[in-house]
Amino acid sequence: MLEVNVTGKFFGDQKILGACKLKLKPAERISILGPSGVGKSTLLRIISGLDTNFEGVVKCPEKLAFMFQGPNLLAWRTCYQNLLIFHPEVSQTGATQMLEQVGLGDKGFFYPDQLSLGQQRRLALARTFLSPADIILLDEPFTSLDPKLKLEMLTLTRTLLDQSKSTLVHVTHDISESEYLMSNAVELKGNPATLHHQASDE
Ligand SMILES: Nc1ncnc2c1ncn2[C@@H]1O[C@H](COP(=O)(O)OP(=O)(O)O)[C@@H](O)[C@H]1O
Ligand SMILES: [Mg+2]
């Protein structure tokens, strides 16, 4: 399903990533753990195909969803439009059901700046899970939320993951998040940073 064999990633003459090997089966979940600046986002961008300037090979399913650290919503679009512009194949009914699931059932025609921070985060989560993806990439989307909001987001994310059966690669510096999401924790460490993980039955 996902096969990552990165041998090097440089920014200028600085080597950020060394050998990063990762093999995941369908529906497997991992959390890549490491301190700020170690190279987590860099590795996730490589996995997603956003960054192609690296040494090595990545085989990643085309149907992927990427959730960034910030909500990255389109301010001039309503909640419905924020969902449907990225998922033109989804019906209005499908979007309504997803908005209901994340607690925004009555906010479809609101704009992002009419939502609280927690509601904006839930809209970003809805966008991530709206149509089935083979793999979901989460780049610290729960960072800097207050504890109550963070727990609410983690619980919702776990429910949506259980429903979607998607493979998960989640990046964080907080191991408790991997426990909530029932994912295997894998450490990205060193300078340059390295990582090794095989599919669970290999
Ligand atoms: N576009 C870039 N140009 C130069 N250096 C970068 C760039 N993006 C990230 N870096 C550097 O690469 C290292 C890893 O960054 P990043 O992957 O964002 O870390 P993390 O997500 O683990 O906090 C950091 O030292 C950062 O400064
Ligand atoms: Mg990062």
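Helices (H or I, at least four residues) and strands (E, at least two) are DSSP runs, numbered from the N terminus. This is a predicted model: local features need pLDDT of at least 70, side-chain atom pairs count only at pLDDT 80 or more, and totals for chains, interfaces and linings use all residues. Residues are numbered from 1 along each chain as its sequence is written, with chains lettered from A and ligands numbered from 1 in the order in which they are written.

**Exercise 1.** Work out how α4 and α5 pack.

*Solution.* Locate α4 at residues 117-129 and α5 at residues 147-164. Their axes (lines fitted to C-alpha atoms over the stretch in contact) lie 11 Å apart, and the angle (0 to 180 degrees between N-to-C directions) is about 15°. The helices are therefore roughly parallel (under 35 degrees). Now list the contact residues (C-beta atoms, placed from the backbone, within 7 Å). From α4 come Gly118, Arg121, Arg122, Leu125 and Phe129. From α5 come Leu149, Met153, Leu156, Thr157, Leu160 and Ser164.

**Exercise 2.** Identify the residues around ligand 1.

*Solution.* Apply the cut-off: C-beta, placed from the backbone, within 6 Å of the molecule. The shell is Phe11, Ile16, Gly34, Ser36, Gly37, Val38, Gly39, Lys40, Ser41 and Thr42. Its largest share, three residues, comes from helix α1 (residues 40-48).

Technical notes
Parallel < 35°, antiparallel > 145°, perpendicular 65-115°, else oblique. Contact = placed C-beta atoms within 7 Å.
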